[in-house]
Every structure is written in C-alpha cells, then in structure tokens.
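Visitor: I would like to go through the charged side-chain contacts of this protein with you, and to hear the reasoning behind each label.

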Amino acid sequence: MSRAAIIGGGVIGGGWAARFLLNGWDVAVFDPDPEAARKIGEVLDNARAALPALYARPLPPEGSLTFATSISEAVAGADWVQESVSERLELKHRVYDEITAALREGDFIASSTSGFKASDLASGGAPVVVVHPFNPVYLLPLAEISGDPTLCDKAAEVVTSIGMHPLVLRKEIDAFIGNRFQEAVWREALWMLKDGIATTAEIDDAIRMSFGLRWAQMGLFETYRIAGGEAGMQSYIAQFSPTLDWPWTKLTDVPELDAALVETISSQSDAQSGHLGIRELERLRDDNLVAILRGLRRTGSGAGGVLLRHEKLLDRGGEQDGLPITLRQSVPVTWTDYNGHMNEAAYLELGTWATDGLMKLVGADDAYVASGKSFFTVDTRIRYLSEVHRGDLLTVTTQVLEGAGKKMKLFHRVIKPDGTLAATLETLLVHTDLTTRRACPPEPQVAQALETLAAAHAGRPAEGAGGAVGQRN
C-alpha cells in the first residue's frame, strides 16, 4: 500500500488527501488547525460522491486517513510528500527544513504552490518539485510540474497513476501556465467592475455561457482553428490579428483594490450567490463538473481522455455469485431526478454498458466492432426492485440465458452495496453485419465463448428477489 503525507490540510491539501485516498493510498495529514479533521472530512464526503461517478469501473478500495501531530510523524515512511501550506516563501522554507529531516534518501517534496518557481522553493537545499493542481483537486486532472527533470519524471508517473494529467513545463516561469491565464482574465474582470461595465454575475455569465464551454473540450488554439474555417489557423490569424493593436483590454494595468472596489466585489458576489453556503456551492460545482466530465468521457476529448486512460488501469471486477461482473458504477447526479433517486432512463443506460462489458468478455470488443460485426438490441425488459440514490456503487452481474446462432439473451442483476437487488434487466440481442445491417452468425470464437458461458450459467433462475418498488420520474 502506497502512503502519502499531506502537509497543510486546507482547500488544496484536503483535495489532495481525497484524490490519494480514493485511489487506494493511505494518507497522513499534518495541519495545526484544530478544525482540520472536520474540514477534510467534509471535502472527502464530496469527493466520495463525485470522483467514482466518473468511471465505469470501481476505484481501488479507499486507503486509511490519519492525522499526525507533527510534520516528521506525517512524513515518516511516506512514498509521496505534498506540501500545501500558505503562499509565503519563508514559511515554505521552514516547513521544508522539517520535512527534509524526516524524508527518505532519494525522495522529494511536491509543492502545490500557485506561483513560486521550483528554483526559488529549492533555494534552501530541499529537493522540491512544483506539482500545482487546480481546485477541486479530486476532480480536475491537470497537475503543472516544474523543477529538476529527473524528479519531474518521477512526479509525472505518480500523478498519472491517480488519474491526473501531468503537464511538465518546458521552462520555469512564475505562476506557470494555467494561473497566468486565470490572472489575465481576473485583471480584465476587475477593470470591468471598477469602471462599472459589468457586475460579478454578468462577468460570470459571459464566461460560462460562451468561451468557458468551448475551452472545456478544445482549449484555445483548437477553438480558434475552427473559427478560421476551412483555411484553418492561418486564416484566423489573418482575420483577427489586427485587433491585437486595438485598445480592447487593460491587461498591462492593474486596478487598485481600494476599499470601494473591494466593497463592490463583495456586495455583488453576496447578491449573486450569498444565499448558498460554501458546502452547497462545492456540491453544485462538483455535480456540474461530473456532468461535464462525463460528457467529455463519451468523446474522449480533453479531460475525458484522461479519465478513459485511467479507467483502463482499474480493476474490471471479476465475478460475484458465480457470474461475471460486467459493470461497477457509482451513480452520478446526472442519473437522478427530482425525486432524488435514479431515474428510469438511467437503468437502461446501465444495462447498455453492462451488455458492452459482456460483449468484451466474449470477444465482441472494440476491434471486433471495427471489423464490421456487432450485436444489436431488439428487446429489453426492466424490473425496478429497490430505490437507488446518488453515489450508490452499483454492481451488475450478467447471466447468459441464450447464446446460440444469431441470438444473445442476457439477464443483468443490479446489486446495491448492501447486497440488495435493485433491478433486473432482460435483454435480447441479434448479431449483425454492420456493412449490410442484417442479422448474421457471429464469428466462431465469439460463438464458442457465448456457448461456453450459456452452458456454465444454465439452470440458474433468471428472476429477481423481492417485490417491485414503483419508481417514476
């Protein structure tokens, strides 16, 4: 079992603790704040409901969380040390002295700094690498890495293993890449507030209703390439480069954050979202991010590609009660309705991915489909037996009722964490030639695998236990 030491348990440190814990690491936290355990516990509750919902395979069993009484106690035996203390260089250097005294030979310190260069952090002799995440750390995959190349390579391996995307900087630079973009937008927003051009709510709407959505899946340059039409990026630059000389922005100037501007920002922010507590806002943010990330996962674009690559490293699930586990899925908020439970359409989607899991098991995988053969669903029957809620980790087992000729008949059991049978789905599929769109026999290896499973599953009753619980939207 790998072990991480988190030094500083604030918003970022708590996020790191959740990211490591939910990926199976044991975590020791040091933070002198007497409220640290409560705060990290609340962050972890949010993470448990959000991160597993991104994957169609289960995350590893959660690691253990302990709170150390000293830096040396937290660091002792750690495979990874993440420093997330306040952005004061002298404080970080004092902390590094304590960490280094307990650090194993050859290990290093990963810093969550928002802007200090690795050379500044390491100027006191400590082996420090910048590993800068974005909040919430347990959901957003980017980690900007900078410092000694050998240590950067080691850091990149670790953050990749916990489902993040390492971006190793080519050159040292203050505030790195992501924060420089955020700083530019922040400065322009402050001028718009100071000059009375827009309110905090209007500025946020301008971002989230337009380019914010584009950037989530294509970033800046791919977005502008499309804007250039068939001629591509050169056409875009030719059309819009003259605007760089126009006085559109005030990025080189910084408005004074005097009392009047601070009051304007605070009062408008209170009017915009002051009716929600911080935990409510965090849950809303997480639910929105889960929905966006799951959408990107479908196409493999942007952060969705990071999720798919990480998912391939996760355990498929094995067997349960003598049947193959074809899906383990934490229920995302996008599968729930106004009654607070999983809605009817989501059961059908769950059954679809379980069927895909069985198809892969018998050899009808992505390569098989690419070769021009697949199974088409012709009939599905669902029984709803017990309520399912957001965050429930569902296990689906699949029984092959029939696997002869062109037909494949499956019986999925949807099982809740306590062993309760939540639903059953009976699905009939027909093997199809994708070029003619007509039914045809499967390839011999797929047919044999189906027949073998059908024989092994024969004699089991294909029925649910307990009475049905009506579930409506």
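Visitor: How many salt bridges does a search of the whole structure find?

Guide: The model is a predicted one, and the search across the whole of it finds 25 salt bridges.

Visitor: Why is the contact between arginine 187 and glutamate 183 called a salt bridge?

Guide: The closest N and O atoms of arginine 187 and glutamate 183 are 3.1 Å apart, and the criterion asks for a side-chain nitrogen of Lys or Arg within 4 Å of a carboxyl oxygen of Asp or Glu, so the pair qualifies. Both residues belong to helix α7 (residues 178-194), where they lie 4 residues apart, about one turn of the helix.

Visitor: Which parts does the salt bridge between lysine 194 and aspartate 258 tie together?

Guide: The two side chains meet at 3.7 Å, N to O. Lysine 194 lies in helix α7, whereas aspartate 258 lies in the loop between α10 (233-240) and α11 (259-273), so the pair ties together parts that are 64 residues apart in sequence.

Visitor: How do you know that aspartate 287 and arginine 390 form a salt bridge?

Guide: Their closest N and O atoms are 2.7 Å apart, which is within 4 Å, and therefore the contact counts. This pair links distant parts of the chain, with aspartate 287 in helix α12 (residues 278-299) and arginine 390 in the loop between β11 (373-384) and β12 (393-402), 103 residues apart.

Definitions and conventions: Residues numbered from 1 in each chain as written. Predicted model: local features only at pLDDT ≥ 70, side-chain atom pairs only at ≥ 80, totals over all residues. Heavy atoms only, no water. Helix = DSSP H or I, 4+ residues; strand = E, 2+ residues; numbered from the N terminus.
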